[in-house]
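Please read these notes with the model open. They are brief and numbered.

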Amino acid sequence: MAAPKKGRSHGAQSRPGRTLAFILIAMVALTGGMFLSGHTTPRLGIDLAGGTSITLKAKSEPGQKNAVNQTNMNTAVSIIERRVNGLGVTESEVQTQGSDNIIVNIPKGTNEAQAREQVGTTAQLYFRPVITVAAGAPTPEPSASPSGSGNGKATDKATDKATDGGKGKASSTPTPTPTASATSQGRAVTDALKADTSPTPSASASASGKPTPSASPTPDAATAALQKKFTDLDCTDKAARSQVTAGVRPEDTAVACGKNSSGQWEKYILGPAEVNGKDVDKAQATINQQTGAWVVNMDFTGGGSKKFAKITSKLSQQQPPMNQFAIVLDGDVVSAPSVSSTLSGSAEISGSFDQQSAQDLANVLSYGALPLSFQEQSVTTVTAALGGEQLHAGLIAGAIGLLLVVIYLVVYYRGLSLIALASLLVSAVLTYVIMTLLGPAIGFALNLPAVCGAIVAIGITADSFIVFFERIRDEIREGRSLRPSVERAWPRARRTILVSDFVSFLAAAVLFVVTVGKVQGFAFTLGLTTVLDVVVVFLFTKPLMTILARKKFFASGHPWSGLDPKRLGAKPPLRRTRRATGSPVGPVDTKEA
Amino acid sequence: MSKLGHLGARLIRGEVGYDFIGKRKIWYGISILITITAIVGLAVRGLNMGIEFEGGAVFTTPKTSVSAGSAERSAEAASGHDAIVQELGTGGLRIQISGVDTAKSDQIKTELAKDLNVPEAKINADLVGPSWGETIANKAWTGLIVFMILVVIYLAIAFEWRMAIAALVALIHDITITVGIYALVGFEVTTGTVIGLLTILGYSLYDTVVVFDSLKEGTKDITKQTRYTYSEIANRSINGTLVRSINTTVVALLPVAGLLFIGGGFLGAGMLNDISLSLFVGLAAGAYSSIFIATPLVADLKERDPQIKALKKRVLAKRAAAAAKGESAEAPATQGEGDDFDDDLSDDDEGAAVVGPRHQPASRNRGRGRPSGKRR
């Protein structure tokens with residue numbers, strides 16, 4: 001009865017060779033891709049490669065229920081990333097995990113204490129009077145398209161390689177133009193940071209002009225040094241920027257870089273800090289009812305109001321650009337509004353904000369730096385030596401575990417174990433190659449729990465073969481010859497494998513979604529190997545079994561094939577009795593192995 | 001091997017077997033006893049929560065000549081808190097100090113480096129705030145509950161609600177046992193333990209699902225036959241998959257044991273050890289519960305179903321009648337049971353009438369493949 005074949009099993013059964021070839025080619029292609037990509041070992045996690053891993057958890061502030069959201073987390077990540085990479089390391093990773101965690105991984109070789117300080121503390125935010133402003137680079141950057149983020153938080157990376165860093169005189173600077181609406185009390189109005197519609201040549205100002213602010217009388221030598229530093233500074237060079245901001249004390253006159261609204265760098269000489277971030281009570285992005293434009297409202301604390309009144313009364317009498325104060329975050333000028341009148345308790349910053357940039361500035365002002373406050377949850381520092389040792393131990397343990405599994409399989413399944421071992425091998429190669437490729441692709445890093453997951457997965461993978469083999473042996477016990485046994489065993493084994501692997505995968509997926517950090521690495525490996533298990537069993541083990549079932553060694557039930565009907569206890573007259581010998585509930589036999 | 005192979009064959013055919021279902025009350029009792037012990041242990045002794053849950057610092061030093069005792073004294077002097085010092089297989093020390101905040105750790109690290117005469121850069125520090133463990137634990141609970149809900153839904157769809165419930169009970173049983181053992185033995189609960197515990201979820205169910213799969217297959221058309229009761233078929237399912245269960249568990253436990261004894265022993269306490277310890281305990285519990293708890297529970301629940309109840313009555317009545325006639329229980333297999341064996345086969349079975357018309361007893365004796373000389 002040549003019944004119609006079922007579609008899904010058609011391929012594997014009728015063309016096992018083709019399926020085998022397919023997976024082998026895929027394997028070779030993946031391996032080739034791995035060598036081509038130049039990454040031949042999986043990227044190691046911080047706990048294996050050595051380094052520092054810091055887990056930060058966002059604290060929800062009272063009254064700010066919705067502060068912990070995706071946008072704020074992303075802002076925080078980019079700020080922290082800027083800070084840790086400002087240490088001169090390019091391989092630091094900052095990423096969100098879960099809804100309220102940020103993981104900072106800093107590879108070995110970094111100044112760990114400094115990194116911790118940079119990451120853990122909220123940024124320094126100061127209000128400094130502006131002394132001089134100049135364009136950061138002589139030529140407009142090729143990539144100087146107006147950037148949406150306004151404050152240059154996440155864009156500095158993109159543009160810093162844009163120019164080769166020629167130093168020289170600035171050709172133009174945006175000139176602040178005090179707006180007419182600056183009449184009502186309690187409002188600092190500016191468009192210095194945003195409007196660059198009327199650039200006026202001011203190169204002479206930066207080159208020769210040496211306006212000494214009355215607030216900070218500096219010795220001439222220091223001033224000259226500062227001036228030279230200012231002249232030499234190239235804001236488009238990332239290293240120069242981090243150098244210039246390093247170690248600047250709030251009470252010093254400082255040189256700093258900042259971006260204007262069109263994403264172009266400008267450099268500043270700034271007076272000593274007059275007001276710091278702690279003086280700001282809160283800041284909010286709102287829409288000005290009169291002009292309909294986005295503005296940022298600031299409220300100061302008691303002491304902050306006084307200080308702010310002092311600085312604004314002084315600044316409002318100055319000429320541009322010295323009527324500006326710069327909002328300096330971690331050494332970078334975030335914004336430099338000009339002041340037209342004395343302000344006290346609260347202030348409004350206006351300019352050509354859009355909602356995003358107003359929100360960003362407000363966040364910077366109210367949280368110091370990060371849009372959220374963070375708590376250090378855990379800090380792990382691992383030297384490369386110990387990480388290597390742990391990896392070593394893990395690998396030894398894995399190898400021994402694998403060896404035990406191999407011995408067990410060989411003893412129990414004899415010839416069949418060859419198929420199991422080949423499948424395990426294919427599975428291992430695929431796992432390794434995919435893990436390696438996932439390093440550069442999605443940033444997967446092999447950490448210790450992931451190694452553990454991979455070792456545990458040996459058991460899961462081996463289980464699929466056991467299910468399949470036991471099914472085949474059951475069929476043989478019922479008196480069938482090998483080839484039909486394989487084909488009959490497969491559909492049922494297939495279902496069992498799929499059902500149980502699904503449960504396993506579900507566990508891994510849930511674990512991956514809800515957990516953080518170390519646990520995720522484990523869950524990911526477990527999920528990956530479960531998927532690979534299905535792939536290998538379907539595309540490799542089954543076709544291989546089909547092919548080998550035609551070989552005399554297996555088909556004739558050689559004693560060493562693991563499929564010897566006699567050893568399996570098959571009995572000739574058993575078609576009718578396969579389910580029904582003896583009493584239905586067999587005699588109690590306590591040696592149930 | 002061949003003995004086990006023979007045994008396997010006899011188990012499949014039901015010639016031998018352990019009456020798991022019939023003796024279920026004993027095993028329920030044992031499980032309840034274990035569970036109570038676990039709960040009492042948990043209540044009395046509590047869990048030995050690791051540094052992740054208390055907050056503190058763990059320093060791992062390279063090989064040092066300083067003894068654990070003097071290291072403990074210097075650690076306590078440096079921190080002002082109690083310190084636990086363990087020697088590692090590598091000759092280094094693991095110094096655990098609770099109640100240290102992250103700011104103070106740098107200072108302790110510097111002092112330790114001086115006292116132990118090792119370079120500061122070689123000391124690994126693992127610092128955790130007290131809320132970190134709580135976060136992990138909360139996430140673990142969330143994960144546990146989400147997973148349980150999803151798996152119950154899945155099992156209820158793929159199998160039936162009774163199996164879903166039984167699997168859930170078995171799962172809770174496994175977790176209770178594992179946690180209880182942790183409480184009783186006093187193993188430290190760390191993040192690694194939580195990971196291991198969560199993995200048991202998948203593994204325990206994996207095992208259960210394989211048995212259920214066989215049970216589902218065996219009982220597909222159960223109401224169309226009158227030979228066996230549900231419990232009897234369930235028992236055969238367990239026995240039939242027993243060899244597989246043992247093999248699977250052995251194969252799963254071997255690498256974990258490797259991790260636990262070799263990886264852990266080599267490094268002393270560490271994440272590898274923590275994960276593998278809870279996995280080891282949980283895997284063993286999972287294998288036990290799928291055989292002794294989950295399947296008997298399904299049978300128990302199923303026997304309450306009116307249809308199955310009626311079936312049991314019919315079966316018993318038939319047996320009584322057969323006994324009266326002196327007939328053996330070897331009566332031809334009934335149709336329903338035979339069919340389920342063939343129904344999802346692909347049909348290239350050497351052209352034999354595998355999927356013959358149903359209810360045709362002749363197909364039972366088709367003797368396909370014989371006499372082929374392929375078997376003795």
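1. Basis. This is a predicted model: local features need pLDDT of at least 70, side-chain atom pairs count only at pLDDT 80 or more, and totals for chains, interfaces and linings use all residues. Residues are numbered from 1 along each chain as its sequence is written, chains are lettered from A and ligands numbered from 1 in the order in which they are written, and side-chain values use heavy atoms, with hydrogens and water left out.

2. Chain A overall. Chain A has 18 helices and 15 strands. These are DSSP runs, numbered from the N terminus: helices are H or I with at least four residues, strands E with at least two. Of its 593 residues, 57% are buried. Buried means under 20% relative accessible area, exposed over 50%, partly exposed in between (1.4 Å probe, protein chains only).

3. Contacts in chain A. Take the contacts with a separation of 6 or more: 75% of them join residues 24 or more positions apart. Contact means heavy atoms within 4.5 Å.

4. Aromatic pairs. The whole structure holds 13 aromatic pairs over all chains. Rings of Phe, Tyr and Trp (its six-membered ring) pair if their centres lie within 6.5 Å; planes under 30 degrees apart are stacked, over 60 edge-to-face, the rest tilted. A:Tyr408 and A:Tyr412 are stacked because their planes are at 5 degrees, with ring centres 6.2 Å apart. Both sit in helix α12 (residues 384-413) of chain A, four residues apart, about one turn of the helix. A:Tyr412 is buried, at 3% relative accessible area.

5. A pair between chains. A:Phe502 and B:Tyr154 form a tilted pair, 4.3 Å centre to centre with 35 degrees between the planes. A:Phe502 lies in helix α15 (residues 482-514) of chain A, and B:Tyr154 in helix α6 (residues 130-158) of chain B. A:Phe502 is partly exposed, at 35% relative accessible area.

6. A cluster. One aromatic cluster includes A:Tyr408, A:Tyr412, A:Trp490 and A:Phe538.

7. Helix packing in chain B. Helix α7 (residues 161-185) and helix α8 (residues 191-218) of chain B have axes that come within 10 Å and cross at roughly 145 degrees. Axes are lines fitted to C-alpha atoms, for helices over the stretch in contact; angles run from 0 to 180 degrees between N-to-C directions. Among the residues that meet are B:Leu171 and B:Ile175 in α7(B), and B:Leu201 and B:Phe212 in α8(B).
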